[in-house]
Amino acid sequence: MTPVEAARGVLTRQLGQHAASFQLELLQGQNDEQVYEIEAAGGVVRIQGTTAVAICRAAYAYLRAQCGAMITWSGRHLDLPETLPPAPRERVACPYRYVQYLNPCTYGYTMAFWDWARWERELDWMALHGINMPLAMEGQEWVWQKVWLSFGVSQAEIDAFSTGPGHLPWHRMGNINNFAGPLPRHWIEEQRALQRQILDRMRALGMKPVAPAFAGFVPQGFLRVKPEAETFTLLWLPKEFLAIPRNTRTFILHPRQEELYREIGKRFIEAYKAEYGEVSYYLADTFNELAVPVSEGRRYEDLEQFGRTVFAGIEAGDPQGTWVMQGWLFVYDAAFWDSRSVEALLKSVPNERMLILDYSNDLVPGLADKYAPGPWKRDHAFFGKQWVNGMAHTFGGNNNVKGNLALMAAEPAAVLANPDKGNLVGWGMCPEGIETNEVVYELMTDAGWLAGSIDLNTWVPQYCQARYGACPPAMAQAWALLLESAYSAHIWMTKQAWQGEPSFEPAAASIDAGPVFARATELFVSCSDVLGKQELYRNDLIEFVVQAAGGYVDEQLALAVQSIRSKELKTARSHADHALAMLGKMDALMHLRPDRRLETWVGAARAKASTDDEAAFYDENARQLITTWGWPGLSDYASRVWSGLIRDYYAARWAAWLDAEIRGTEFSLDMWQQTWLSRPYRASTPMPVNDLFGTARAMLSTAGGSR
């Protein structure tokens, strides 16, 4: 398939008959440059691009700027005229070699149960938004099975090594083994077929997929086969996750085992290419949130040996391959990773054969020794290695309204212009979950194709025009206030207090539902007479109203627990009833969006099954990931504002806990949660919403009246 044919396929799928109005041609370019030229006249849009992605990006930029259109996860605004409008000739060159996308965790928190139809839509979205370097993590379990069996590890030992589908990202990164598994054979074969389709489409579009590679982790059964092999035994964050099961431990080969690294790495890459075709970029993360096993007196020598040995495993399988590594380890454990340690790990790898994804540059430091963003500044732009400047935006797939738009509009250009940027080759978007805060991703993908900063005073009204069809004065005022409130900051994970486990200290995490945000929401709702028929307007209205109402719920829960403590039980019951009633209304609004329903998530999981037993297994695994996760240290880390999850889990959990505290009866939170997980999900009936806008105004009035 030619680049033009691939781009034509995207436009045909997304635009239908309007795709015929686009005349597409290949533009000759050098190396990996992404350039497009576009001009529209007489109802014909002529696009020339160096790649299929460049052509698709050009088409989408035209649709947004000239047609006031938008294509995104939750829907589309695509009221195109019969004759497309003219546009002057323009040439755009992407300032980066790579526009990178996805985080290994996205393959759990969002993509765990995707089928090809959903993947095809996402690949179209990537192309339209100018992304040319996505992570490609599916299908590797089929290859790993083949590799471990070739070493003599038994199928039973491989099964014991694995996890459930939702937890695969952390198994792949060496954080956990033997947890919520094993993977059914049907799953492994189905993901094998899916990965073939994904990679074929990525290559057709001219993308550069990042495939997995061997990072040093082996199953316990490998130690039976190779008892002489030196290994370290590690546990994922044992100080933070005090209740982490010890049987999830990780075994990592000592870097002195270079021949084993080479042999395992070679077998994996050769088997991977034989199954899926050519790839050139390989993700391998050896110390993702794991203690680094170095000796006291040989710290830097050991680190250099680790870097050299992991790269040797990749090079053995692909002599021209590039090692891709997340920079998260340098951020998460900044106390350990001083500049000399970073340099030691990287120094044995040729600069042109390594690419570091420094993806958390929108993270605000929380502690002196952890969560320190911007390691490229501290570590001399990674000492000459290729690197990607990126932002994470969301952790755990939390879909609360949030994002630092001003930072996203200005910082990429500032880094690009920085004389100390070193070998900066890309811009990256690495959220742990997607399908949230679509304004953030429209903005960040624009930043990936601009050398200069973005003026939000110009960009936001244009965004509103493309998303809602108009930007009346009240909408402009609403967005000005959103930029002052929920879209002004980002710190770590987010959730409102009602999403957390019930306690006498209910607390929200990095959520803005205060007066400024509430006023922005009121102004937004006031535009319903003009914009109420637009799908994307309604989608945003629902999320804004629910977050504003969630602030009221948090206040009522705090008052309820205070009243319980002071033995004012009648008052406590009143506040509890107010909170639970509002949660029911919030749930009802969210139910209007199919993409914000727990039954949609569970339905996708069950659809992957080949038997009733598998369906029940996937059902529980899918819900476990976004609720208890696996142990108390991660409970509600992946919290979601979803219909069904609100009424059947969060509200029901608070109701049971509050009732027990008010009555003075025993209550086991853990038992309640485990019981909820153990039964297949059967959605209760949500409250009806006969008038979205009337209901929204009433909810805001109730929430505002308490302040």
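**Notebook: strands, rings and one histidine**

I began with the strands and found that 6 bridges join strand β2 (residues 35-41) to β3, the two running antiparallel. I took strands (E, at least two residues) and helices (H or I, at least four) as DSSP runs, numbered from the N terminus. I counted two strands as paired if DSSP finds at least two bridges between them. The model is a predicted one, in which local features need pLDDT of at least 70 and side-chain atom pairs count only at pLDDT 80 or more, while totals for chains, interfaces and linings use all residues. Residues are numbered from 1 along each chain as its sequence is written, and side-chain values use heavy atoms, with hydrogens and water left out.

β2 and β3 form a hairpin with 2 residues between them, and G42 in the turn has a positive phi of about 60°. I then looked up the other partner: strand β1 (residues 22-26) runs parallel to strand β3 (residues 44-49), joined by 5 bridges. There I located E25, which stands opposite Q48 in β3.

**Aromatic rings**

I searched the whole structure for aromatic pairs and recorded 61. Rings of Phe, Tyr and Trp (its six-membered ring) pair if their centres lie within 6.5 Å; planes under 30 degrees apart count as stacked, over 60 as edge-to-face and the rest as tilted. I examined W498 and Y650, whose ring centres are 5.5 Å apart and whose planes stand at 80°, so the pair is edge-to-face. W498 lies in the loop between α19 (473-484) and α20 (515-525) and Y650 in helix α26 (residues 645-663), so this pair ties together parts 152 residues apart in sequence. Buried means under 20% relative accessible area, exposed over 50%, and partly exposed in between (1.4 Å probe, protein chains only).

I also noted a cluster linked by ring pairs, with W459, Y463, W479 and F693 among its members.

**Charges over rings**

I applied this rule: NZ of Lys or CZ of Arg must be within 6 Å of the ring centre and within 35 degrees of the ring normal. R267 lies over the face of F151, at 3.7 Å from the ring centre. The charged end of K608 sits over the ring of W187, 5.2 Å from its centre.

**H575**

Lastly, I placed H575 in helix α23 (residues 569-591). H575 is buried, with a relative accessible area of 17%. Leaving out residues up to four places away in sequence, I found that H575 touches Q556, L559, A560 and S563, contact meaning heavy atoms within 4.5 Å.
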